[in-house]
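Please read them beside the coordinates.

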Amino acid sequence: MTEPASTALITNDIVVLGLIAATLGLVFFTESRKTGLWKKFYTYVPALLLCYFIPGIYNSIGLIDGNASKLYNPVASRVLLPAALVLLTLTIDLKGVLRLGPKLLAMYAAASVSVMLGAFAAFWLMGLVHPETVAGDTWGGMAALAGSWIGGGANMVAMKEVFAVDETTFGQFVVVDVGVGYVWMAVLIFLANRAEAIDARSGADTRAIEELKERLVSYQKQHQRVASLSDLMIIVGIALGAVGLSHAVAGPIAAWFGTNVSWAKTVSLHEPFVWVVVLSTFIGLGLSFTRLREYDGAGASKIGTLFLYFLIACIGMQMDIMALADKPWLFALGVIWISVHILLLWLVGRLLRVPFFYFALGSQSNIGGPASAPVVASVFHPSLAPVGALLGALGYATGTVLAYVVGIVLRAMAGAA
């Protein structure tokens, strides 16, 4: 069955790429203005938020069709994301990251549990307010969404197959996933720029994060130099070479696990993209112990961050701001669900007195996964992006199992056979 032709005004991906690149350039040009209206504007609106939302507006008004474009998959998610992870992990201070401590993992675990509890609460509450919304096989769609919000797209599809969710219901929850999940990501990006004030009010201990940032800045200054053409070619060669190697190795590894390890599909180890993320991160991590780390002084982390911004724009391209107009109650269900997640995670954060960075990363590594958790982490500092990638990849291992539990419980609550 062939897919319907796109009705967008611009369907040529080369033109779309030019539009996205020009948009990012304009955003950064205006953000670089140090006086006047733009300085005041960017005091309140982060440039990163515009890089995410403006492509979403293009998609929403029909100028482009983000879902039909191949810029996100395979270009941004399969090439630019792992390339960014290599370059940003190349510059990482592993000892400093380990000093962030067990509270970060505790927040990640709390985020996963709060997503599960949020599903049950939203299903029960919507059953009281608007029973039609949770009638039929809505529970199955919610199980699929739980797979996405704890793990990622692979886990979502796995739950679709496990619980035989029909295409219409699944499609509706894909829209909820994008509409609610990406808006929450935008909120986190906005709040991340105010993390210092938030931490000051909560009394969180941010010394480990600040020390890590200071060491990274000091290292960059120590090795900073004007990049030569050779430097830039070597940096790009490291990044894309590692991406190529990761993809070359990921396919056979995923196939071997899928064939020979009985539990591989349960934790998504049969998915090549899982291995691409893991391998590119660990290649960069291994290189960080070599002299290649000094290429950060020539701009390795800046090029990695540039790749991330293109990824952000391509994620935004898939957002349809008006797509939920036909299903307002499903949108309400998603809002209730994620609100419970936010509230419970906030309470755990207050109890542990963690910095806002831990809250934001714990949430986004679940709700967004390895594709967008690095984006939120990079707002705090570019070199923290790999921490987001590692936590996001962890969701691939836990998402299927935990979402399966959500599906079983919701099916019982719905009284389905």
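The points below go from the whole chain to single residues.

1. Basis. This is a predicted model, in which local features need pLDDT of at least 70, side-chain atom pairs count only at pLDDT 80 or more, and totals for chains, interfaces and linings use all residues. Residues are numbered from 1 along each chain as its sequence is written, and side-chain values use heavy atoms, with hydrogens and water left out.

2. Secondary structure. The protein chain has 18 helices and zero strands. Both are DSSP runs numbered from the N terminus: helices are H or I with at least four residues, strands are E with at least two.

3. Overall dimensions. Along the principal axes, the C-alpha atoms fill a box of roughly 65 × 55 × 50 Å.

4. Burial and surface. Of the 417 residues, 51% are buried. Buried means under 20% relative accessible area, exposed over 50%, and partly exposed in between, with a 1.4 Å probe and protein chains only. The accessible surface of the protein chain is about 18800 Å², and carbon and sulfur atoms hold 67% of that surface. The areas come from the Shrake-Rupley method with a 1.4 Å probe; for residues, only the protein chains shown count as cover.

5. Contacts along the chain. Among contacts in the protein chain with a separation of 6 or more, 83% are between residues 24 or more positions apart. Contact here means heavy atoms within 4.5 Å.

6. Cavity. How many cavities of 30 Å³ or more does the count give? The count gives one, and the largest cavity has a volume of about 30 Å³. A cavity is a set of points, on a 1 Å grid over the protein atoms alone, where a 1.4 Å probe fits but cannot get out; lining residues have an atom within 4 Å of a point. Grid points are joined across faces, edges and corners, and the volume is the space filled by probe spheres set on the points.

7. Cavity lining. The largest cavity is lined by D177, G181, Y182, Q364, I367, G368 and S372. At least two lining residues come from each of helix 9 (167-192) and helix 16 (356-367), and helix 9 gives the most, with three. By class, the lining has two nonpolar residues, four polar and one charged. Here Ala, Val, Leu, Ile, Met, Phe, Trp, Tyr, Cys and Pro count as nonpolar, Asp, Glu, Lys and Arg as charged, and the others, Gly among them, as polar.

8. Backbone points to check. Most residues other than glycine have a negative phi, and most peptide bonds are trans. The peptide bond between N73 and P74 is cis, with omega about 25°, and P74 belongs to helix 4 (residues 71-90). A164 has a positive phi near 50°; A164 sits in the loop between helix 8 (153-162) and helix 9 and is exposed, because its relative accessible area is 64%. R353, also not a glycine, has a positive phi of about 55° and lies in the loop between helix 15 (328-352) and helix 16.

9. T133. The loop between helix 6 (103-129) and helix 7 (138-150) holds T133. Is T133 buried or exposed? T133 counts as buried because its relative accessibility is 9%. Beyond neighbours within four places in sequence, T133 is in contact with M126, T138, W329 and L330.

10. Helix 18. Helix 18 (residues 385-414) contains L394, and T398 is found in helix 18 too. L394 counts as partly exposed at 35% relative accessibility, and T398 counts as partly exposed at 25%. From L394 to V278, 116 residues apart in sequence, the C-alpha to C-alpha distance is 9.5 Å. T398 and S112 are 286 residues apart along the chain, with their C-alpha atoms separated by 8.8 Å. Not counting residues up to four places away in sequence, T398 touches Y108 and I150.

11. K302. This residue lies in helix 14 (residues 300-316). K302 counts as exposed because its relative accessibility is 59%.

Methods
1 Å grid on protein atoms, 1.4 Å probe; cavity = no way out; pocket = protein on both sides within 12 Å on 5 of 7 lines; lining within 4 Å.
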